[in-house]
Amino acid sequence: MPDPSFVFAQSISGLTAAMFLFLIASGLSLIFGVLRVLNFAHGTFYMLGAYAAYQLVQWLGVGPGRFWLAALGAAAAVAALGGLIERVLFRHLYGKEELYQLLFTYALVLVLSDSAKMVWGTQQKSVSRPPELTGSFSVFGATIPSYNLLILLLGPAIALAFWFVLQRTRVGRFIRAAALDRETLGALGVNVSALYTWVFVLASFLGGLGGALISPMRATTPGMDTEVIVEAFVVVVIGGLGSFWGTFLGALIYGQVLSFGILLFPRFSIFAVFALMAAVLIVRPWGLLGRPLR
Amino acid sequence: MRRVPWAPLALVAALLVPAAGSRFYTFVANDVVIWALFATSLNLLVGYSGLVSFGHAAYFGIGAYTTGLLMKKAALPFLLAFPAAGVLAGAFALLFGVFCVRLTRIYFAMLTLAFAQFLYTVAYKWRDLTGGSDGIACVPKTALFWGGPSLATPRAFYFVVAVSLIGVNVRRYELAAFVLAGAFAGLAGGLFGIFNRGVFPDFAYWTKSSEVLIMTLLGGMGTFYGPTVGALALILLNQQITSYTEYWPFVLGSILVALLFGFPGGLAGAAIVLWARARGRLRSA
C-alpha cells in the first residue's frame, strides 16, 4: 500500500495535467464541433504558445506580473495567427472534400513546427516561474508548488468562462447553432464566414494559453506539439468529441490514469491510458458524454 | 483504352538499374523501391477505400523491428524473417483496425496517429527488446537471398506487382484493406531495416508517416503507379534539398499545401489532365 501523501501528490499532479489537457482538448473539440474538421495543428498552436511565452519573458524580463503579461500576449499572438491562417488559406478549402481540410491542418503541423525549429532551435527552452509563485505548499505531507496550485484554480475558472461564453453570449449562441446546422444559420442572416474565423481565434487562443501556462512547468521542446495532440485526441475520444463537459471529464480521467498508471506500469504509464481508450471505444464508441454521430 | 503492359515494363526497367547504373544509383533505386512499396501499401487504404492513415509508419516500424530482431537476435535467415515482418505488421493492423475502421470512422484519422505514436513510445522505451534510442544496429545483410542491394529491387518489385492484384479486390472491405496495407508496410519496413543496416524508433515516428502520405498524394492517390512516382520524385528531391537545408519537413508541408491548392490529383492527376488536353487538341486539329 503506497503511503497516503504519495497518493495525494499523484492525484494532484494528475489534476494539474488534466487542466492543461482540458485547455488544449476544448479548443480541438470546439473547431470540430463547428467546422467538422480535426485540427491537427492545434497541438502546434500550443507549442507556439509556449515558445511565444518564452520569447516574451526574455523581452519583458522577470518581475511581478510580467509573466502573466507574457502569457496573455503569447495566447493573443497565437490566436491572431490562427485567425490569419483561417482567413488567408483555410477558408478556400471549405467547399472541397473534408479530406483536403484535414490534410491542410496536417501540412500546417509540418510547416509551423519546422518554422519554430528555425526560430528557436532544437535546444529546450525553459521559463522560470513567476516570482510571486516560486514557493510551495505542504498539504497532507505532500509538497505542491504554488504555481501548480494556481493552475488547479485557473483551470476550472477558464472552463467556466469558456462555458459562459458558449452559453450566454451572442457569439456563443451562434457557435452552438453552427455546430447543429450551419446552413440554416447562414440563411438566418448570420455572417457564418466571420463566425468561423472567430472560432479559429478562440480555439487557437485556448491552445496558445495552455502552452504559455505550461512553459514554467515543463521545458519547451520541438516535438511537444505531436505529443500533446495525441493526448488531446485521447481525451476527446474518452470524453466524446464535440461535448464540452465530456472533454472536461475526459481530461480529468486521463490525468488520474496517467499519474496512477505509473504505479502499475512504471515505464509504460501511457499503456494504461491507451487501454482505457480502447475500453471506451468498445463500450461507447462516441465517448462517455458524447452523442452518436450520424 | 489500350492497355500498356506497365507492370512487366517497370519490372524489366527496375532489373536493369543495377546493370546500367553505378553503385550509387543502385542504392538510390533500392531506396525508391522500398518507399514505393510502402507508399503503395498506404494507397491501398487511401486510394481504394478512402481512409487516410496518419500513422502508417507504425506498421513500417513493426516490420523493421520484426525482421531486424529475428535476423540479429534469433539469427533466422532472411527468407523466414522477411515474411514474418508482413505477418506481424498485419496482425497489429488487424488489432488496431478493429478500433480505427469498424467502430468509429469519424475518429479514423486521429486514431491511426494515436496508435502510431503509442507504438513509437513503446519502441523508444522498451530498451530490453528494441534497444531504445540506440535501436538495433548492424542488422546482418549477408543472410539468404541477400547477395547485394541489387537483389532487393526485383524482390520488392515483385511485391509491388502483387499488391496490384490484391488491391483491386479489397476495394469494399475496409478492414481487409487496413490489414493488407499494414502487412505490406511491414514488408517494406523489413526490407528497409536491412537496407539501412539498423532499425530505430523513428521508423515509427509520425514524420515517417507524413513522408509516405505525401509521397502517395504527390504521385496521385488511387492510381496504382502514383505512389511509385511520388516515392521517386520525393527521394530525388530529398537528396537535392538536404544538401541545402535541414528543414525537410518544412519543404514537405509546403509541397502538401501546394498540392491541396493546386494539384489535388498529384503528379499522376496532372499528367492525366495534360494528356487528355493534348489528345483533345489532336482530335480537334
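Reader: Where does A93(B) sit?
Author: In this predicted model, A93(B) belongs to helix α4 of chain B, the helix that covers residues 78-103.

Reader: And is A93(B) buried or exposed?
Author: A93(B) is buried, because 31 other C-beta atoms lie within 10 Å of its own, and the cut-off for calling a residue buried is 20 or more.

Reader: Which residues does A93(B) touch, if I ignore its neighbours within four places in sequence?
Author: With those neighbours set aside, A93(B) is in contact with Y59(B), F178(B), V179(B), A181(B), G182(B) and A183(B). As for A57(B), its C-alpha lies 11 Å from that of A93(B), and the two residues are 36 positions apart in sequence.

Reader: Okay, what about G190(B), which helix is that in?
Author: G190(B) is found in helix α8 of chain B, which spans residues 174-196. G190(B) counts as buried because there are 32 other C-beta atoms within 10 Å.

Reader: What is G190(B) in contact with, again leaving out the neighbours within four places in sequence?
Author: Its contacts are then G63(B), A64(B), T66(B), T67(B), F82(B) and A85(B). There is also F60(B), which is 130 residues away from G190(B) in sequence, although 7.4 Å separates the two in space, C-alpha to C-alpha.

Reader: Zooming out, how many helices and strands does chain B have?
Author: Chain B has 12 helices and 2 strands, and reading from the N terminus the elements follow the order α-α-α-α-α-α-β-α-α-β-α-α-α-α. Of the 285 residues in chain B, 52% are buried. If you take the contacts in chain B with a separation of 6 or more, 81% of them join residues 24 or more positions apart.

Reader: How do α9(B) and α11(B) pack?
Author: Helix α9 of chain B, residues 206-219, and helix α11 of chain B, residues 248-261, pack at an angle of about 35°, and their axes are 10 Å apart. The crossing of these two helices, α9(B) and α11(B), is left-handed.

Reader: Which residues of α9(B) and α11(B) meet there?
Author: From α9(B) come T207(B), S210(B), E211(B), I214(B), L217(B) and L218(B), and they meet P249(B), L252(B), I255(B), L256(B) and L259(B) of α11(B). Sorted by class, this contact of α9(B) with α11(B) has 8 nonpolar, 2 polar and 1 charged residues.

Reader: Switching to chain A, what angle do α6(A) and α8(A) cross at?
Author: Helix α6 of chain A, residues 170-180, and helix α8 of chain A, residues 192-214, cross at roughly 100°, and their axes come within 11 Å. That angle is why α6(A) is described as roughly perpendicular to α8(A). The residues that meet are V171(A), F174(A), I175(A) and A178(A) on α6(A) and V192(A), L195(A), W198(A) and V199(A) on α8(A). By class, the contact of α6(A) with α8(A) has 8 nonpolar residues, with no polar and no charged ones.

Reader: And what about α1(A) with α9(A), how are they angled?
Author: α1(A) and α9(A) pack at about 75°, with 9 Å between their axes, and they are therefore roughly perpendicular to each other. On the α1(A) side the contact is made by L21(A), I24(A), A25(A), L28(A) and S29(A), and on the α9(A) side by V228(A), E231(A), A232(A), V235(A) and V236(A). Those residues divide into 8 nonpolar, 1 polar and 1 charged.

Reader: How many residues are in the largest nonpolar core?
Author: That core has 187 residues, and those with the most contacts inside it are L21(A), A53(A) and Y254(A). Helix α1 of chain A, residues 4-35, contributes the largest share of the core, with 15 residues.

Reader: What does A53(A) touch, beyond its neighbours within four places in sequence?
Author: A53(A) is then in contact with A70(A), A71(A), A74(A), V127(A), G211(A), A212(A) and S215(A).

Reader: Last topic, how many residues of chain A are in contact with chain B?
Author: There are 28 residues of chain A in contact with 28 residues of chain B. On the side of chain A that touches chain B, α4(A) gives the most, with 12 residues, and by class that side has 23 nonpolar, 3 polar and 2 charged residues.

Methods:
Residues are numbered from 1 along each chain as its sequence is written. Chains are lettered from A and ligands numbered from 1 in the order in which they are written. This is a predicted model: local features need pLDDT of at least 70, side-chain atom pairs count only at pLDDT 80 or more; totals for chains, interfaces and linings use all residues. Axes are lines fitted to C-alpha atoms, for helices over the stretch in contact, and angles run from 0 to 180 degrees between N-to-C directions. Helices (H or I, at least four residues) and strands (E, at least two) are DSSP runs, numbered from the N terminus. A crossing is left-handed if the near helix is turned anticlockwise from the far one by less than a right angle, and right-handed if clockwise. Two residues are in contact if their C-beta atoms, placed from the backbone, lie within 7 Å. Ala, Val, Leu, Ile, Met, Phe, Trp, Tyr, Cys and Pro count as nonpolar, Asp, Glu, Lys and Arg as charged, and the others, Gly among them, as polar. A nonpolar core is a set of buried Ala, Val, Leu, Ile, Met, Phe, Trp, Tyr and Cys residues joined through C-beta atoms within 7 Å. A residue is buried if 20 or more other C-beta atoms lie within 10 Å of its own, exposed if 12 or fewer, and partly exposed in between; C-beta atoms are placed from the backbone. Angles under 35 degrees count as roughly parallel, over 145 as roughly antiparallel, 65 to 115 as roughly perpendicular and the rest as oblique.
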